[in-house]
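Open the model in a viewer and keep the selection tool at hand. The stops below say what to select and what is there.

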Amino acid sequence: MSLIKNELTELMASKGFSQAKVARAISVSGSTLSQYLSGKYPGNIKALETEISAFIERCNERDRSHNITIPFVMTPSAKKGLELIKLAHECKEINVLYGEAGLGKTMILKRYAEENKNTVILIEADPGYTAKVLLGELCRQLNLSVVGNLHDLIEACVGKLNGSDIVLIVDEAELLPFRALEVLRRIHDRSGVGVVLAGMPRLILNLKGKRGELVQLYSRVGFALNLGNSLPRSDVKAISSSVIDELDEETEDAFFTASKGNARRLSKLLRGAVRVCRINDMNINAAAVQQFAQMLIN
C-alpha cells in the first residue's frame with residue numbers, strides 16, 4: 001500500500017469518514033475512490049494522489065487550528081455581566097445586558113448557563129422568532145407539549161415555572177417582536193421567574209416600544225448593563241494572556257489596536273497569529289499580529 005493510500009485509510013478510520021464523503025471532498029466519483037483504495041484504479045494515480053494529499057493536509061491543518069482554543073476569561077466586563085444575571089436569578093427580576101456585537105455577551109450567558117445547568121433556560125432568538133415560536137421553544141425546554149394556542153402555551157409554561165428557581169435567558173432578544181416581548185412579561189409576572197434579555201443596543205429602544213406600547217415591560221426592568229462599544233484594554237490583555245504565555249507589552253498593544261476592543265475580532269487575531277507563527281516556526285510578536293490583522297475585514 002502506498003504512503004498516501006495508507007494515510008488516507010488511517011484518516012478515514014480516525015475521523016469516521018465514508019468513501020462518499022472523501023470522494024465529494026476531492027471532487028471525484030465514489031467509484032474512482034473505491035477503485036483507488038482497492039488498487040484497481042486505471043487512471044492517473046499521481047494526479048489523484050495529489051488531490052488526496054491536499055485533502056489530508058487540509059484535515060490536519062484544521063485539527064491544528066481547532067487546538068487553538070480561546071478560553072472563557074473572567075474579565076471585569078464578564079464579571080459584571082455574570083453578576084447582572086445572578087441578580088435577576090436571585091431576585092427574580094427582569095434585567096438587560098446589551099452592547100455592540102462581538103463583546104462576548106453570548107459567552108457570558110453560556111458561562112452562567114454552564115455553571116447553573118439545572119436552573120437556567122437559555123434561548124437564542126433568530127429573525128424568525130414569533131411569540132408562538134418563542135413559546136414553542138420554551139415548552140420544549142420545559143418538556144411540555146407544544147400543541148395549543150398562545151393562551152394554552154402560556155398557561156402551560158406558567159404552571160411549570162411557578163415556584164421554580166429557574167431563570168429565563170434570551171440571547172439576541174432585539175430580534176423579538178412586540179408580541180413575543182409581551183409574552184415574556186406575562187410569564188414573568190405570573191410565574192415570578194427571573195428573566196435576562198441580552199442583545200444589541202437597539203434592544204433598549206425595542207423594550208420601550210416605538211409608541212410607548214411596551215411601557216409595562218420597560219417599567220419592570222430592574223437593571224440594564226451596557227457593555228459599550230468596545231472592551232477596555234485590561235479585558236483584551238487578560239484574554240490575550242490566556243492564550244499566549246509571556247506576552248510582551250508591544251505585542252499586547254498590537255492585539256489591542258488591531259482588535260479595536262472587539263472580543264470576536266480578538267479571537268480571530270489570536271488564532272491567526274498563533275497559526276502563522278507555528279507555520280513559520282517563530283515567536284508571536286507585534287509584527288505577526290499586524291501582518292495577520294491586514295487580512296481581517298474592518
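Select Ser-240 and show its surroundings: apart from neighbours within four places in sequence, Ser-240 is in contact (heavy atoms within 4.5 Å) with Leu-247, Phe-255, Leu-266 and Leu-270. Ser-240 lies in helix α12, residues 233–243; helices are DSSP runs of H or I, at least four residues, numbered from the N terminus. With 1% relative accessibility, Ser-240 counts as buried, where buried means under 20% relative accessible area, exposed over 50% and partly exposed in between (1.4 Å probe, protein chains only).

This is a predicted model, in which local features need pLDDT of at least 70 and side-chain atom pairs count only at pLDDT 80 or more, while totals for chains, interfaces and linings use all residues. Residues are numbered from 1 along each chain as its sequence is written, and side-chain values use heavy atoms, with hydrogens and water left out.

Next, select residues 3–15, helix α1, and residues 30–37, helix α3. Their axes are 11 Å apart and the angle is about 115 degrees; axes are lines fitted to C-alpha atoms, for helices over the stretch in contact, and angles run from 0 to 180 degrees between N-to-C directions. On the α1 side pick Ile-4, Lys-5, Leu-8, Thr-9 and Met-12, which meet Leu-33, Tyr-36 and Leu-37 of α3.

Now turn to the cysteines. How many disulfides are there? The count is zero, a disulfide being a pair of cysteine sulfur atoms within 2.5 Å. Cys-157 is in no disulfide, and its nearest cysteine sulfur, that of Cys-139, is 3.6 Å away. Cys-157 is buried, at 0% relative accessible area, whereas Cys-91 is partly exposed, at 45%.

Notes:
Helix = DSSP H or I, 4+ residues; strand = E, 2+ residues; numbered from the N terminus.
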